[in-house]
Amino acid sequence: MDNDMLDDVVQVGHKGIYIDYQQPDGTFIQEFFPMILNVLPNWSIAAGDLDNNGLNDMLFADLEKVSFVLADHAETPFTETVMPSALISQRSTLADIDNDGWLDAFVCNDSATSIPFRNLGIGEMIPDFDLIPTSSNPGSYAAIWTDLDNDADLDLYISKCWSSALPGDVIRDNLLYQNNGDGTFSEVGETAGLADNAQSWCAVAEDFNNDGYIDLFVINHDFENGLYRNEGDGTFTNVIATSGIELSGLSAEEALSGDFNNDGFIDIFSDLENEIYLGNGDFTFTGYETSFKPGALADLNNDGFLDITRRGKVWLNDANEENHWIKVNLLGTESNRSGIGSRIEIYGDWGIQVREQRSGESYSPMNSLNIYFGTGSSVNVDSLKVKWPSGIVTVLKNLEVDSTYTIPEVSCFQANYTTESEQHELCAGDTLLAGAPSGYSTYLWSNGATTQNIEISHPGNYYVISLDQDGCAGYMKFIRVERIQDILPNISADPARRICQGDSITLLSSPGNNHIWSNGMTNDHIVISEPGFYTVAVDAQCTDEQLESIPFEVAFLPSPQPETTDVTTAQGDSVLLTANCVECYWYDQPTGGNFLHTGPEFQTSMLNSDTTFYVENHSFYPGENHVGGKSSDEVPDGEALQTGFMHFEAWEPFTLLSVKVHVPQDSFQAIRFIQLFSPDTLLAVQQFQLTSGWNELELNFEVPVGTFSLHCPQCLFSRDTSDLTYPYPLGDAGQINESSFGQDHYFFFYDWQIQSGDMECISERTPVNILVTNTEDPIQDNLIEIFPNPSSGSVRIIVNEPINQPGSMQLFDSGGAQILQKEIHLDNEHILEAGE
């Protein structure tokens, strides 16, 4: 869709067009183009460059109307024009019916004559039955444009089905309109043996036996299906009885074709009993069952093998990677830009293989406009030939397999033919002067310009083909222009935005120029030690202004030092120390040292000299539970057509406890996986059996500080595209920044329940000094004196205020054990001798 030669996926909804643009690494970036569409492609869709501006346009057909949606590089990327003709539409197709270089359209009508639409130039379409007159009988279900008689022009085969018609009724006859080469067509279906008459739904047109002639496979709803071999003389023979394809499977609606295993033979994918029929190259097929139905064909991971997309789901082809392939992109110049109607042939050990470039096959989908060949084990392609609708033939020789070739519509190449690629960025309102080397006679730009240089003012992919006076290509350049998007800078914290008082934190800015922080600093990061709100501003790329981030709050958690009192004690005593903290940790050194005790009280050992102990306060901040993300109070506004994921960041560690997802009522209910990535590394995964409605998923994912994404592969759950207010906070621990498709989408995950991690902050240590009294000082109070203390001999006890009455003396050792009890008379003086 964006002219980069990679297959994209288009999905259409009531509110606009979704395009998943494939990137070179096989990933996709979705862009939503909001617009009110009058016609939705409920019955069929076709694509091609109707106005030859280098971008693919689309035809939408619903049950009653047809519209053409033209793509442009301008600020309004798509414009819809509804056709006045009323019909009951079926298969729609694009082809250059009158071969004037502009794509026309043909839409099958179930109620009356099918309607051709003539392109008047630059994509202006009008219904015109003179373009190709066809039968007025109803029941036209599908049409396919193909060259069945190898005369280098397009014939039209129409599959017919009319439920009330009995077998043999001509209303049921399939029609073959043979191109006479003069702008007229003749109906020759019965003569060719292709009238069928078995209530046909659609047909496949391919060269099944690699003889250079296009054959047909027809799926029917009556009698049996048909497989018609082209005899090369204008007639066809039905050989389905010996083919291995199910004859009586009469309910299929879609039929696709391609070389799914790249063995060099065309295969069939239809919703029969065996969906995949691998061709053997001799009109026999081997059937295999699949778990899904046909959809649109494309290479959706750029590996050269055909994949399937259907209703927003993707099935990647994991076939035999030992087989080789060739991929071809066509760039029309005299013919339509898409090269629709071209015949492509490759030659090698196998002989010949043929493909035709078409828009609109099977019954409803639109396949890739790239052309795919499998070459099996052969690693040499002798030559490739493109026969364009204009009559020009382009030939390439000695091609390498497992390669993609972009081929312009030219008759020859200069010996020194070269190609180049450029990438540029462009601000809104600016222009880029792009050019090609001088010295060429003709310059053909993808947007229709023919000058050597052009001005580009809109993003997109452009190319120029430079031709010499003989019409030979000498130079080709591809130019990719991307729009510069000025976005607000973002702040992250290392180690976290919530830290302990006394520590420092580093705030980091997202990339930008001329950083200016709210505290006046000008680096791309700052180190702070004060709480508060901080912002950073950087220069905008497209204006002279600065872009300022949203305020980033930093919190410092206190852990005050313990308060204590110094103590005086006697030698040999034990002291009970106290501090005013609940979680007190006691040590013998100001840093490090030995841990002694925890708690507000600490009983020392017996002390014989002055001593200092140290106590620190541990403050615990338990994790808090928060609800973040978009609320589940209301059912999301739509169902996802393509799976997406959410980008978020964590400023401090937390546990992602749970999220809610909403499964639409008619959605496929199965086991789904929820995955946590950082950024491309899988950190955690949980699986769940989901049912319709709201599902609460218990994840318990441990999320460290950093940037992450939350995924649900192959999920097509409910999502929002309106009333979005990014970023969505995750408490104080982080925020959801955007979806994988930007801030216009919110995918799947609602009511994020998180629990922030516990934090422990440790204060500085407070010293507690203990003064031990002098050992020669007597122990005394107002009544008695005891000295000397300590003593290895006698101890004198003096009673300062004698009283004439008996008393008791008790003596304890340093461990607190009583060693003596003695009755004494409390008179003036007593001597206690050692050894008593």
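Are Cys581 and Cys584 buried or exposed? Both Cys581 and Cys584 are buried, where buried means under 20% relative accessible area, exposed means over 50%, and partly exposed is in between (1.4 Å probe, protein chains only).

**Ground rules.** I am working with a predicted model, so I note that local features need pLDDT of at least 70, side-chain atom pairs count only at pLDDT 80 or more, and totals for chains, interfaces and linings use all residues. Residues are numbered from 1 along each chain as its sequence is written, and side-chain values use heavy atoms, with hydrogens and water left out.

**Entry 1, disulfides.** I searched the whole structure and got five disulfides, a disulfide being a pair of cysteine sulfur atoms within 2.5 Å. As a reminder to myself, this is a covalent bond between the sulfur atoms of two cysteines.

I went back to Cys581 and Cys584: they form a disulfide with sulfur atoms 1.8 Å apart. The torsion about their S-S bond is about 130°, so I logged this disulfide as right-handed.

Next I checked Cys427 and Cys542, whose sulfur atoms sit 1.9 Å apart in a disulfide. This pair links distant parts of the chain, 115 residues apart. I found Cys427 in the loop between strand E34 (412-426) and strand E35 (432-435), and Cys542 in the loop between strand E46 (536-539) and strand E47 (546-548). Strands (E, at least two residues) are DSSP runs, as are helices (H or I, at least four), numbered from the N terminus. The link of Cys427 and Cys542 is left-handed, with -85° about the S-S bond. Its two ends get separate notes: Cys427 is buried at 8% relative accessibility, while Cys542 is partly exposed at 29%.

I also looked up Cys712, which a disulfide joins to Cys715, S to S 1.7 Å. Both of these cysteines are buried.

With the bonded cysteines of the protein chain numbered in sequence order, I read the pairing as 1-3, 2-5, 4-10, 6-7, 8-9. Cys108 is in no disulfide, and the nearest cysteine sulfur, that of Cys202, is 11 Å away. Cys108 is buried, with a relative accessible area of 0%. Cys202 is in no disulfide either, its nearest cysteine sulfur being that of Cys108 at 11 Å. I have Cys202 down as buried, again at 0%.

How many salt bridges does a search of the whole structure find? I got 16, counting a side-chain nitrogen of Lys or Arg within 4 Å of a carboxyl oxygen of Asp or Glu.

I started with Arg118 and Asp128, whose side chains meet in a salt bridge (2.6 Å, N to O). Arg118 is in strand E10 (residues 115-119) and Asp128 is in the loop between strand E11 (125-127) and strand E12 (140-146). I noted Arg118 as partly exposed at 21% and Asp128 as buried at 16%. A network of salt bridges links Asp98, Arg118 and Asp128.

Then came Glu422 and Lys477, with closest N and O atoms 3.2 Å apart. Glu422 is in strand E34 and Lys477 in strand E39 (residues 472-483), 55 residues apart. Glu422 is partly exposed at 27%, whereas Lys477 is buried at 6%.

Last one: Lys293 forms a salt bridge with Glu275, at 3.9 Å between the closest N and O atoms. Here Lys293 is partly exposed at 36% and Glu275 is buried at 6%.
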